[in-house]
Amino acid sequence: MSTTTTVTPTKLWSGGKSPFNVEYGKLMMWYFLMSDAFTFGAFLISYGTIRFSTNGWPNPNEVFRSFPFAPEGINAPLVFVSVMTFILIISSVTMVLAVHAGHNMDKKGVVRNLILTIIGGILFLSCQAWEWNHLHSEGAWWGHNPFLNHDGTASSTNFTNYFFTITGFHGFHVFSGVLINIIMLIMTLTDKFEKRGHYLMIEKAGLYWHFVDLVWVFVFTCFYLI
Amino acid sequence: MEHTHTEATEQHEGGGTKEIWKVTIILSVLTIIELALGFWMMGMGLESASRLAVKGTIVILMMAKAFYIVAYFMHLKHEIKNLIMTIVVPLALFVWFITAFLYDGNSFRHLRNTYDPHFKEQSTIKVEKKEHTETKEKEAPKEAGKEEKKTVE
């Protein structure tokens, strides 16, 4: 025991010590997220390339300016998407708190924060469903672009194609994240982790959930702000 | 072994709940600044240099937010260096990935504007969209009214 604690950094790979100091599952989750980051990166860079190769592009403030239950034709750019962003940030915080509670073997805290995270995820998905439905009612869909470029010239369908593909891909990640969190909640409630003696599984689900939040930071900036 | 492992993870755990709330506040403030810049940007000229500068600032803030999420929420900062390197170094490919593709897109636009008159012309013809939708709306009730008259007659 005493030898493992006195291992010097130069002998890191000489055995007797885990080089990454994390369990297998967590390391593999990191590698999966890295590959997923490249998938999203490829999508967003492709969007950027097309946007750079086109003379005009629709102004996001004119496209995304509606809000649920507000009168039609309301001009509220950025408002609805800010709500969505804050929902995802807060759900990320509750997920961190769930992971933290898991470290302390606090079952009640894990359950409470997981439920809050699941509610946040469902709220985000509902917002996205409303926005998609609203854009669809305006005539926007894959292959249909009713919006004009900011300078009043005709816009190509690239705008809607990229928007629906990338936000759809992200929304599907949120959906699977919610499913994973629900499974984690059921496993917590049936004392699976209590019997195992640790809540490391929550940590892996948490990594996935934070990644979904991370991707939204990029999607939100690329589509709504810039 | 199991015991020493948990001790080790607790040691590089970081500030715990306090740190979580600190990062939450930082992320919220960064988002609010981003949104404020977004609103401020609306008053600027559509392809002006100042708007481009604000967009650049927003991208920097976006990177800062990404750093806080990965470093603190995903705990990467509290992992050992080997793990940090195995994740961060491959992601450095993105630097070239983004530079090369955006440069390529920009170059393609220049080439088309120079050698493709049709492409250039298309991007100068203005389309009256708002009137178009309005007339559509106006036409629709008119037609409905005609049909009603016909049925009355």
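1. Start with the pairing of α2(A) and helix α6 (residues 158-189) of chain A, whose axes come within 11 Å and cross at roughly 165 degrees. Axes here are lines fitted to C-alpha atoms, for helices over the stretch in contact, and angles run from 0 to 180 degrees between N-to-C directions. That angle makes α2(A) roughly antiparallel to α6(A); the classes are roughly parallel under 35 degrees, roughly antiparallel over 145, roughly perpendicular from 65 to 115, and oblique for the rest. The crossing of these two is left-handed, a term for a near helix turned anticlockwise from the far one by less than a right angle, with clockwise giving right-handed.

2. Who makes this contact? On α2(A) the residues are F43(A), L44(A), Y47(A) and I50(A), and they meet N158(A), Y162(A), T165(A), I166(A) and F169(A) of α6(A). Two residues are in contact if their C-beta atoms, placed from the backbone, lie within 7 Å. By class, seven of the residues are nonpolar, two are polar and none is charged. Ala, Val, Leu, Ile, Met, Phe, Trp, Tyr, Cys and Pro count as nonpolar, Asp, Glu, Lys and Arg as charged, and the others, Gly among them, as polar.

3. A word on the source: this is a predicted model, in which local features need pLDDT of at least 70 and side-chain atom pairs count only at pLDDT 80 or more, while totals for chains, interfaces and linings use all residues. Residues are numbered from 1 along each chain as its sequence is written, and chains are lettered from A and ligands numbered from 1 in the order in which they are written.

4. Next, follow α6(A) to α8(A): the two pack at an angle of about 160 degrees, with axes 10 Å apart. They are therefore roughly antiparallel to each other, and α6(A) passes α8(A) in a left-handed crossing. The contact includes F163(A), H170(A), H173(A) and G177(A) of α6(A), together with Y208(A), W209(A) and W216(A), among others, of α8(A). Its residues divide into 16 nonpolar, five polar and no charged.

5. α8(A) also packs with α4(A), at an angle of about 160 degrees and with the axes 9 Å apart. That makes α4(A) roughly antiparallel to α8(A), and this crossing too is left-handed. Among the residues involved are T85(A), S92(A) and G102(A) of α4(A), and E203(A), W209(A), D213(A) and W216(A) of α8(A). The contact has twelve nonpolar, five polar and two charged residues.

6. What does the whole of chain A look like? It has eight helices and zero strands, where helices (H or I, at least four residues) and strands (E, at least two) are DSSP runs numbered from the N terminus. The C-alpha atoms fill a box of roughly 75 × 40 × 25 Å along the principal axes. Of the 226 residues, 38% count as buried, meaning that 20 or more other C-beta atoms lie within 10 Å of a residue's own, against 12 or fewer for exposed and partly exposed in between. Among contacts between residues at least 6 apart in sequence, 67% join residues at least 24 apart.

7. Finally, chain A touches chain B: the contact takes 45 residues from chain A and 49 residues from chain B. On the chain A side, α1 (2-5), α2 (24-52), α4 (79-103) and α8 (200-225) give two or more residues. α2(A) gives the most, with nine residues. This side divides into 23 nonpolar, 20 polar and two charged residues.
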